[in-house]
Amino acid sequence: MALQQHWRRSLWILWIALFVVQVGFSLIMPFLSLYVQEMGVVSDHAVELWSGAIFSANFITAAIFLPIWGAVADRVGRRAMMLRAAFGMGIVVGAMGLVTHPWQLVLLRLLQGTTVGLVPAAIAYMTHVTPKRHTGYVLGTLQAGTTAGTVIGPLVGGLLATFIGHRPIFYLTGLGCILGGVVILLFIPPDQVTEEARTQRTSVIGDLRTVAQNPTLLAMMVVLMLTTFSAMNAEPIIPLYLETLALPLGYVSLLSGFVFSATGIADIIASPFLGRRGDRIGYKKVLLISLAGSAVMYTAQAFALTWWHVLILRFLQGIFMGGALAAGNALISLSVPDEFQGRAFGVSTAAMQMGNFLGPLTGGAVSAWFGFRAVFPLTGLLRMINFVWVYMVVRETTGARYKEQEEAGGVATAD
């Protein structure tokens, strides 16, 4: 009960911690290929191969370990898992500044994937301590913090790389993760774990079976995977696509940056608002609107005539993406018991990592075979199929219903 009385305080402390950590990770992403060259790799072909391995290594191990850490979180507490992830990532990422060969960086990226779990543990923690009727708002706000870090990080990383070089940025990123861990250690109280949850024995296969047997949970896993898949599948082709439009000469890189950032900025703006709307009008309703809207925005990008058409459509896409993530996470939280929250969000985050991994591969393959414009209607079709699935299997849930239950049952929860 004491934890619920301070849920707003915990929300903003975790927002800051997630923002700092996500900025740190986003600092290093834009120049990883340049870092490979700095280690003596000169062949363009070799640079591309090493860069691809370095980018994807983290996603592979993360997808494996996220469900495992989710199960551990349910047994030992979500705060403990946040601390493990923050300090573990800080040490591993800091060590990346010491490497002298690309294979060492690949190994550290694989190891980095084993330390993940900060975001799903933070989500599970907040759903544990927050009154149910505020679930959408809380998860949307947390999502906005991580997205803000993702948007700002590359901009700051580019500036830092120009003035201090590449290696010091890994040290700064590691330090940022450790500082995030210190903030959690000092200001976030431990969450309560029941004796039943502490002693239960589970397996990843068993957890996946539980997900498959829960229609709402399974549908949300697909929603979240396709959301990150859809966000990433155009990443490799956007600069090339913009070159085919009416684009000012010499501004491809700059305008590509604007187009990439537009989606994240819209997500930051929309997530808390749409999360709160879900609390009031229903998470399923917000999710369906988001899926239908994103399907239209993706498809419309295939018919863009100028770069600013793409910019506007990507911004609108970001609004609907924010709604899908906020509503999807809220429905996950409300469709499973408290003792399964960590595992549920571990599996859902693993699904999102698979979307991050498969999106660029699929987008590149589709554009190579059918052209750049084919990527967008294909993604729109997948979102509409997802819309039909959600409409058919997910039942409506609102935060208002939980408020009525709390009041009827005399449950005292802080506003």
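Analyst: **A close look at one residue**

Leaving out residues up to four places away in sequence, Glu38 touches His166 and Arg167. Contact here means heavy atoms within 4.5 Å. The model is predicted, so local features need pLDDT of at least 70 and side-chain atom pairs count only at pLDDT 80 or more, while totals for chains, interfaces and linings use all residues. Numbering runs from 1 along each chain as its sequence is written, and side-chain values use heavy atoms, without hydrogens or water.

Glu38 sits in helix α3. Helices are DSSP runs (H or I, at least four residues), numbered from the N terminus. Glu38 is partly exposed, because its relative accessible area is 42%. The cut-offs are under 20% for buried and over 50% for exposed, with partly exposed in between (1.4 Å probe, protein chains only).

Arg167 is the salt-bridge partner of Glu38, with the closest N and O atoms 3.7 Å apart. A salt bridge needs a side-chain nitrogen of Lys or Arg within 4 Å of a carboxyl oxygen of Asp or Glu. Arg167 lies in helix α9 and Glu38 in helix α3, so the pair ties together parts that are 129 residues apart in sequence. Their C-alpha atoms are separated by 9.9 Å. Arg167 is partly exposed, at 23% relative accessible area.

**The other salt bridges**

The structure holds 5 salt bridges. Asp74 takes part in one with Arg78 (3.4 Å, N to O). Asp74 also pairs with Arg343, where the closest N and O atoms are 2.9 Å apart. Arg343 belongs to helix α17 (residues 341–370) and Asp74 to helix α4, so this pair ties together parts that are 269 residues apart in sequence. Shared partners join Asp74, Arg78, Asp191, Asp207 and Arg343 into one network. Arg78 and Asp74 are both buried. Arg343 is buried as well.

**Back to α9**

Helix α9 covers residues 167–187 and gives the most to a nonpolar surface patch, with 5 residues. The patch consists of Ile91, Ile178, Val182, Leu185, Leu186 and Phe187, with about 530 Å² of accessible area together. Such patches take residues with over 30% relative accessible area and no salt bridge; nonpolar side chains (Val, Leu, Ile, Met, Phe, Trp, Tyr) are joined within 5 Å, like charges within 9 Å. Areas come from the Shrake-Rupley method with a 1.4 Å probe, and for residues only the protein chains shown count as cover. Leu185 lies in α9. Leu185 counts as partly exposed because its relative accessibility is 43%.

**The packing inside**

In soluble globular proteins, nonpolar side chains tend to be buried together. The largest nonpolar core here has 82 residues; Leu14, Met82, Met126, Met220 and Leu287 touch the most other members. Helix α2 (residues 7–28) gives the most to this core, with 11 residues. A core is a set of buried Ala, Val, Leu, Ile, Met, Phe, Trp, Tyr and Cys residues joined through side-chain atoms within 4.5 Å. Beyond its neighbours within four places in sequence, Leu14 contacts residues including Met82, Met126, Ile184 and Ile188.

Gln112 counts as buried because its relative accessibility is 4%.

Methods
Helix = DSSP H or I, 4+ residues; strand = E, 2+ residues; numbered from the N terminus.
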